[in-house]
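Colleague: Could we go through some side-chain details of this model together, one question at a time?

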Amino acid sequence: MPKFLQRRWHGYHTVWAFMLLLVLIIVISIYNWVLGVTSLFLAGTFCFTMLKTEISFRRSLVEYINGLSFRIKRVEGEAVSMLPLGIILYSEDRTVEWNNRHAGDIFSRKSLVGESLQEILPEVISSFQGTAPTKRELNKDSVKDLSLKDQRVEITVDERHYQAVVIPSERLLYLYDITELVVLRERYEEEKLALGILLMDNLDESAQGMDDQQRTSLIAKVTSEITDWAKQFDVYLRRLSSERYLMMLNHRNLQALEESRFVILDEVREMTANLKVPMTLSIGLAFGAESASELGALAQSSLDMALGRGGDQAAVKAGQRLSFYGGKSNAAEKRTRVRARVIAHALRDLMQESDRVLIMGHRTPDIDSVGAAIGLLKAAQMYNVEANIVMEGPNPSITRMIDEIRKDDELYKSFIPTEQALQIMTEHTLLIVVDTHKASMTMEPRLVQYASRIVVVDHHRRGEEFINDAVLVYLEPYASSTCELVTELLQYIHEKVKLTPLEATMLLAGITVDTKQFALHTGSRTFEAAGFLRRIGADTILIQRMLKEDLQEYLSKAEIIKHARMVYDHIALCVTAPGMKIPQLLIAQTADTLLGMTNVFASFVISERPDGLIGISARSLGRMNVQVVMEKLGGGGHLSNAAVQLEGTGKEAEARLLSVLAEIESKEGLFE
């Protein structure tokens, strides 16, 4: 019984009251013993009655409490059984020992006792494997661990969603029905806003030579196709100009577009295939930003990314994920040189405002990278600006080229190592990055980090990594090579271009190598650039001497090609034997050689490199986008020229490559 009830009569106040009464009786007895005896009798009777009443009260109180406890326990059991949440007690071996009624209803059974949690709740067991130690495993440290937060996981039972809360220390499991919450959450995610921009990226080129009526008819035809596509996928489309549209949609529609692989890209290209230059579209989409303004900026950034990769594709930025779709065609050559003139004038001004110009290519530089650097070096020197080319370490692919450059003392002195470049760089130094737009792939990434002004000149399709703080970017995927772009810039950067025959030869060599002797990636502007270089003294014989193959290298290529086989009918795949280490240059040359075989649309060569990495070189004739394949493996490049370096073994790399090829074949097909 609670102490406050016991003290009702047994407290000090009761004791003092009886003592006072006894004193009064004694005083009365002194004066009148009859009255004292009577008072004593009455006091005793009162004390006896009070004691009897107290005993009766206690007996009744105990009976009431016992009855109330029984009722509470009975109601508690009924309440636990009827609670709208599942409760399961399980044993050390994860077998159900008891469950309430609702837990049975969840699994459509009256009782779960004796069943294994592994069978009825495998998701919970896999998520909390090892979180419930047995008694034998318990010690002082593990007891402390059991006081950690409850562990939770969402599960699905018969199309309803539950949150399972596991309390390992009690071997207790709760199941809360969160179906409505999950439905609301999914609906919220599906209805989140996504913004996009759709652009007819080569309208001027496609409409070249058309009169106003024909141009209007072409735009109307393409617009009708785009509008029908937007209605099909419930996309709100708002025309901003003759070639640009704003797209508004939700996440559910965006997922549907991604599943369709943006079929509108192929439909428009095929619909205008009869034109000299088929019409292509580029789409930039963004999802997951907090505000509409941020979504708009990301959508424009995605469109820039799609255009930087050559157009005819869709780029989707969803949170941290960046996905590309399409990109099956080569970038359309721009027939106007207006942009080249504008870039040349801007570059001229930047050079004149600088105290020094540093020109840097990518790691393991090739002939295109070095040739472009020499062209820009000459541009800076024409304006009496001190300039240097950053170069580090020997490279087999440019050995003969460097040997020729050594014969020109003035030119060779312009090449400096990376450490010297870091020492002479100032806040007024202009850094020009050629033949790459990724800081991590440059000769010295620290130069990119320290430079206050950066110019990027590149012909590769834009990747997710990009030097975003560049003050000037000249990225044209349609160009055959960076040397072609630099040659055009040289014609506008100064009124009278003066190149030595050696300098002109190096630029022409870059174009020759990247076009595979003018067989791939060539447009009218490629031949115009080559013709200009030839007129000012480029030596084609010297180029042939630089590009001659070594007999031993040729035999090595033949040894590698022995391991080639055909997959998907038109893809040549070659994997070298384990332990056979091949330089990256030889891997690339072998892929080029395989591409010249009959009925081969694309080639892949896999081999271990001297540095221990596995190199994959991919080549195609344009009917297959090998860049997409290499990007899925972590690499990149061009539509018809790409590569990647992986860790592991050649067999593992082959398995990963075949898996990617199978995925692309199942979704959209490998060939156009």
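**Side chains in the predicted model**

Modeller: The side chains of Ser323 and Arg321 make a polar contact at 2.6 Å, a polar contact being a pair of N or O atoms within 3.5 Å, where within protein one must be able to donate a hydrogen and the other to accept it, and residues adjacent in sequence count only if both atoms are side-chain atoms. This is a predicted model, in which local features need pLDDT of at least 70 and side-chain atom pairs count only at pLDDT 80 or more, while totals for chains, interfaces and linings use all residues. Residues are numbered from 1 along each chain as its sequence is written, and side-chain values use heavy atoms, with hydrogens and water left out.

Colleague: Is Ser323 buried or exposed?

Modeller: Buried means under 20% relative accessible area, exposed over 50%, and partly exposed in between (1.4 Å probe, protein chains only). Ser323 has a relative accessible area of 13%, so Ser323 is buried.

Colleague: How is the aromatic pair of Phe518 and Phe527 classed, stacked or edge-to-face?

Modeller: Rings of Phe, Tyr and Trp (its six-membered ring) pair if their centres lie within 6.5 Å, and planes under 30 degrees apart count as stacked, over 60 as edge-to-face and the rest as tilted. The structure holds five aromatic pairs, and one of them, Trp229 with Phe233, is tilted, at 6.2 Å centre to centre and 55° between the planes. For Phe518 and Phe527 the centres are 5.6 Å apart and the planes lie at 25°, so this pair is stacked.
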